[in-house]
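Q: Could we go through this model together, starting with the charges and rings and then moving on to the helices and the sheet?

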Amino acid sequence: MAVCAPPGFETRRLLQSLAEPEAGEGGVSYFDRLDHLADPTCAAQAVMDMGHAARRIIVEDADLCDARWLGSALQRFARGAGAGQIFLGMSNPQGLSVLEEGLAQPIPIVGPAVLRLTRAEAARAFRKIARPANRTRILDLIGGWPHAAVRLSHWAAGAQTDAWGREDIDILRDCGIYDVVEHRVLPLLDDSQKQALAAASLVPCPDRELLHDEVRSDRVLASVAQVLSGLVDIEGRHYTINPALAACVREWSLLQDPAGHRHRVIALADRCSRNGRLTDAARLAGEAAMPERVRAYAEEHGALLIWVLCGFADLAALVKNASDEVIAASPDLRMMRCIVNLKSGRINLAEQELRDLSEDPRVANSMQREIEIVRVTLLVYGCALARRDDLEFLTELLSEQSSEPGWQTFLATLACVLNSQRARFDAAEANLREARLEGERAGSRYNLMFLHAHQATIDIARGKLVEARASLAKARKMWRDEFSTDQGVETVIAALGAKVEFETGRLTSARNSLRKSAQRMPEAEAWFDIYFAAYEPMTRIYVKDYGIARTIQLVEQERAKLEARGLGRIGNLLGAVMACLVGEARLGGNGVDVEPPLTDFSGLAASSWQERELFSLAAAHEMHRAGKTEEAIALLSAAREEAGRSGVVHSVSRMTQLLFALRHASGDREGALRELAELASLGIATGMRQTCADMLGGYLADYVEQLAAHPDADEAQLQFLRSVMNRDRTARASASELSRREMDVLRALATGGSDKELARELGISDHGVRFHLKGVFKKLGVHDRLSAVVRAQEKGWI
């Protein structure tokens, strides 16, 4: 049997372990490097003498043996069917071909696939070393290489805090891996193989097309994969190179031949551009200190097509790696910088860049269509009010005969967004179908992924939460498989996920999604639908966790950030959400003594269904507070009728909730019962239950009993309403519902401390603390310690 792997796969340790069971019995002959240097035939002679002495022969560094002698000895051993075992340790599998000549069967091999570390095995060595982010960084570097794990674990155990801020290659030098690569790995390769490996190490995921150059580096690298199997492997048309090895080889190449290294970098950057790998092309051009190359790549493809066909990451990389001087001289790069700003929430900067482009006579004529398209895109991302003719403009562009499907899918997507916001859902879905068709023609996986998110926004408006969740699952899978480094995509998907999870009462999932969406805004990518999807559940959960007064402070801070970035329209939307929450608290009799932010919503333009919904609700709350409840009911009834005609089931549900509460407050019990029956039907159809529980749960019981007493009572409606009541009852737990020990834990929790500290204070075990905390969380309807303390303080328990 051959134990065959590149240096660093601990073959020596394995061979030595094979010698241990027989040690002391005189049955093992072990040959190492010194033996081979003294006599290259010594191992072959031992094999020929097999049976007279040792029953097991272990040959370390078999590459150094006289291959002809050892091969002949193995043939004689095989013909004689001698008893015993022979283990050969070697780093180059190509040496086996000589040893196997004349053998009836090939020699079994234990290779890197068996010897490599799994990520879980490597992680165990770092379980108590360093912070999670640093552990992840080190595990990524190890990549299954056992020797790298040993060296890096020793380094990490003694590393000072500031050492983690160093470059990967500096860490690899410190721990000795660079020396292993330079003195033990690279000597296994000839010059052409070293050059091919150096070129492939410049990009994260090299493939055959990218390495297909005049010297056929792709074929040479295939031979490297044979020699260094386990460190360099072939998977289909792609090569994988161990990250630590790749970093060391890049450094070695730069130090050995700086001019040749720079030539390889530039040549590979050009091939990356031709193959559509613009992030790699831009990074390599920046590494070669040639930002003017970035301009060539940008102008070769065009700003908008790069965005549509390749994705935002490629576009952002081009801007990042071009100097300010190069960007200033290139209209395409200026347009890209505008897009980077708008996608990053810097709307003011994006608007200024676009104005500068449109006012530059050298640019405006040649890029008139691109400027108009980005202007409409800015309306979407900047959440400004669209002009009356914007949709007509997009329709006209779509009707043009264009040979570029990438343009068509982009324009159809913009039209979909604007139609969706205006509640023209049939037109929006027609736009989606066209965008999908053209996106598939263009091979634009990036845009196709976003189309699933746009479908989810339509489904949310129509109250189709099951369908919205399915669309998000498709988008999330594409993101993970193909664009996992694009945080903007994750933000969009998480925002929509937060909305769906909140509406259906999955608050833990909603909180997790908000951490990846609302808490990144407004710096992260978003457009009007996404801000609404994230901010509305965010504020409602804030009220649960911190109370109304603290939530108003947090919302005002967020509105100030939005205003500073040119997103005042979103600030108004957020103010309307807060006004609704204060109004709901007053209707629920919660003794709210705070004022919502002062905004005259009646004077604001409302071109989206979200604005029409929230501004109508906020205005109705204000009318009720002013004693004009009948006017509020009339306003909401008209608004609900309009929303119903447009198919905005989300708005119909929200308005029906408030109509029920207002009719209850005005003493119109029959009207309230009609609204409640309608609300239950909507809840069954949509699954929207959380806001019902938050707003109405406190005074549903009497109405449900009355509905149940009716001879034609709808059992499905009653079941839905009872589930709402149960959800609210959990949130309104009283002190008497907590056990004595749960109250003790809750009071101790308010003073702070870990589970161990709480356990010592209360005289119970750590497990007991966690058990009682779980009961407290469940009865209070919260999901963390801070929320439990805040809820208990609101109720006056502590």
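A: To begin with a definition, a charge sits over a ring if NZ of Lys or CZ of Arg is within 6 Å of the ring centre and within 35 degrees of the ring normal. Arg173 meets this for Tyr178, lying over the face at 4.2 Å from the ring centre, and Arg569 lies over the face of Phe528, also listed at 4.2 Å from the ring centre.

Q: And what sort of model is this?
A: This is a predicted model, in which local features need pLDDT of at least 70 and side-chain atom pairs count only at pLDDT 80 or more, while totals for chains, interfaces and linings use all residues. Residues are numbered from 1 along each chain as its sequence is written, and side-chain values use heavy atoms, with hydrogens and water left out.

Q: How many aromatic pairs does a search of the whole structure find?
A: The search finds eight, where rings of Phe, Tyr and Trp (its six-membered ring) pair if their centres lie within 6.5 Å, and planes under 30 degrees apart count as stacked, over 60 as edge-to-face and the rest as tilted. One of them is Trp155 with Trp164, edge-to-face at 5.0 Å centre to centre and 75° between the planes. Tyr531 and Tyr535 form a stacked pair, with 5.8 Å centre to centre and 25° between the planes.

Q: Where are Tyr531 and Tyr535 in helix H32?
A: They are four residues apart in H32 (residues 528-546), and are therefore separated by about one helical turn; a helix here is a DSSP run (H or I, at least four residues) and a strand likewise (E, at least two), numbered from the N terminus.

Q: Is Tyr531 buried or exposed?
A: Tyr531 is buried at 1% relative accessibility, and Tyr535 is buried at 3%, where buried means under 20% relative accessible area, exposed over 50% and partly exposed in between (1.4 Å probe, protein chains only).

Q: Which rings are linked into a cluster?
A: Ring pairs link Tyr446, Phe450, Phe483 and Trp527.

Q: Switching to the sheet, what is the strand order?
A: The sheet is open, with five strands in the order S2-S3-S4-S1-S5 and parallel pairing, two strands being paired if DSSP finds at least two bridges between them. Its edge strands are S2 (28-31) and S5 (109-110), each of which pairs on one side only.

Q: How many bridges join S1 to S4?
A: Three bridges join strand S1 (residues 2-4) to strand S4 (residues 85-90), and the two run parallel; within S4, Gly89 is the bridge partner of Val3.
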